[in-house]
Amino acid sequence: MRCGYFDVGACRSCTLMGVPYAEQLADKQRGLEQVLAGHVDTGAWGAPAASRESGFRNKAKLVVGGTKAAPTLGILDGDARGVDLRRCGLYEPGLDRAVTLLAERLAGSGLTPYDVPARQGELKHVLLTHSPAGELMVRLVLRSPGQRRRVVELLEVLAGTPGMPPVRVAGINLQPEHKAVLEGAEEEVLSAERTLPMPLSGRTLHLGTRSFFQTNTAVATRLYEQVAGWVEDLAPTRVWDLYCGVGGFAVHCAAPGRQVTGVEVSPEAVLSARRTAGSTTGLHFRAADAGAWVQEQDPDEHPDLVILNPPRRGVGAELARWVEGSRVRHVVYSSCDAASLTRDLEAMPSWRPVRARMFDMFPQTRHLEVAVLLERRAGR
């Protein structure tokens, strides 16, 4: 893949830009195997799950800069001035159209981009998510609520714009502070629908405005299918999905005769997961801190299998200690950081990875996702 923004130095976020994709994939796999060499045997590795090298992103997180008449959507340069990246080649086709058309309509909206050096203006970020069904979630991050009318008018203009994907969910997020954070705590949903349906693998997940979902829908689907396949082979009767988010793994692992419980600290994500679950028998979600929740459960009711899908920092010492001392027979660990995965595996010496696979969620960068299936070592 070639990128004009990268070539002229306007954006260097994709640190592997220009490296042939086959070479990127091989280097990532080799590096991952080296980091996990003391834990994962060579024979445990499956073939890496490759991505399209361009046109794969379902999200756009855009800083708004420039002026009211000529806004930029992209990033900020070293002087905190807007750099326009509206034609980034990583966006899915529908997301690409949405970013382009929104940028064009933004110029006539009356919304003033936030000027970081001057600490003036209103519109800070535009956050878009594109679904496999071609629908959008559109969120605008404002400094104050006074521009609500202009946002509503902009959404009406977008709805009548030829070629614009339909906006299923729209919202305003308020971030009044002058600091480098993407969004604030206060959110208003403007649309009748509060969740964006994400159909994949015959199931439909629901994303709330503050819900996390993987950036690469196609590779995320393969990750869910791989983990579901491992779980199906083991046929557990009770599964806990810890750090379950909107329930991607839990939903894919649900089956007749199986009890699956998802635990997630975000109440909004749990509401989304419950909507996804609907009336599915044996599928339940709890809003709680995973580390604290497991300590409160009856040891006689421990599951056969646990799925761990923690944030980048990993599960940490407390939960690793619980897993090490539990009666659980198998663990699936999905990680976006090989270093924290290694630390957690070192804290769980009774466990041996028997399957492992890399999922290339982020072509053109060194970031990746890895899933491992763990079983207890003999005699432990």
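The side chains of Glu 135 and Arg 168 form a salt bridge, with N and O 3.2 Å apart (a salt bridge is a side-chain nitrogen of Lys or Arg within 4 Å of a carboxyl oxygen of Asp or Glu). Glu 135 sits in the loop between β4 (123–130) and β5 (136–142) and Arg 168 in strand β6 (residues 167–174), so the pair ties together parts that are 33 residues apart in sequence. This is a predicted model, where local features need pLDDT of at least 70, side-chain atom pairs count only at pLDDT 80 or more, and totals for chains, interfaces and linings use all residues. Residues are numbered from 1 along each chain as its sequence is written, and side-chain values use heavy atoms, with hydrogens and water left out.

- Helices (H or I, at least four residues) and strands (E, at least two) are DSSP runs, numbered from the N terminus.
- Glu 135 counts as buried, at 17% relative accessibility.
- Buried means under 20% relative accessible area, exposed means over 50%, and partly exposed lies in between (1.4 Å probe, protein chains only).
- Arg 168 counts as partly exposed, at 27% relative accessibility.
- The side chains of Glu 135 and Arg 168 are also joined by a polar contact of 3.2 Å.
- A polar contact is a pair of N or O atoms within 3.5 Å; within protein, one must be able to donate a hydrogen and the other to accept it, and residues adjacent in sequence count only if both atoms are side-chain atoms.
- A network of salt bridges links Glu 135, Arg 168, Glu 193 and Arg 275.
- The structure holds 23 salt bridges.

**Glu 187 and its partners**

- Glu 187 and Arg 139 meet through their side chains in a salt bridge of 2.8 Å, N to O.
- Glu 187 lies in strand β7 (residues 186–189) and Arg 139 in strand β5, so this pair ties together parts that are 48 residues apart in sequence.
- Arg 139 is buried, with a relative accessible area of 5%.
- Glu 187 is partly exposed, with a relative accessible area of 21%.
- Glu 187 also forms a salt bridge with Arg 210, and here the closest N and O atoms are 3.3 Å apart.
- That pair links distant parts of the chain: Arg 210 is in the loop between β9 (203–207) and α5 (217–234), Glu 187 is in strand β7, and they are 23 residues apart.
- Arg 210 is partly exposed, with a relative accessible area of 36%.

**A buried charge without a salt bridge**

- Asp 241 belongs to strand β10 (residues 238–242).
- Asp 241 is buried but has no salt bridge.
- The nearest side chain of opposite charge is Arg 203, 11 Å away.
- For charge, Lys and Arg count as positive and Asp and Glu as negative; His and the chain ends are not counted.
- A polar atom of the Asp 241 side chain lies 3.1 Å from the backbone nitrogen of Ala 250.

**The second largest pocket**

- The second largest pocket holds about 260 Å³ of space.
- On a 1 Å grid over the protein atoms alone, a cavity is a set of points where a 1.4 Å probe fits but cannot get out, while a pocket is an open set with protein on both sides within 12 Å along at least five of seven lines; lining residues have an atom within 4 Å of a point.
- Grid points are joined across faces, edges and corners, and a volume is the space filled by probe spheres set on the points.
- Helix α2 (residues 21–35) gives the most to the lining of this pocket, with 6 residues.
- By class, the lining has 7 nonpolar, 3 polar and 5 charged residues.
- Ala, Val, Leu, Ile, Met, Phe, Trp, Tyr, Cys and Pro count as nonpolar, Asp, Glu, Lys and Arg as charged, and the others, Gly among them, as polar.

- Ala 235 has a positive phi, near 50 degrees, and is a residue other than glycine.
- Ala 235 lies in the loop between α5 and β10.
- Ala 235 is partly exposed, with a relative accessible area of 49%.
- Gln 364 has a positive phi too, near 75 degrees, and is a residue other than glycine.
- Gln 364 lies in the loop between β15 (351–359) and β16 (369–376).
- Gln 364 counts as buried, at 0% relative accessibility.
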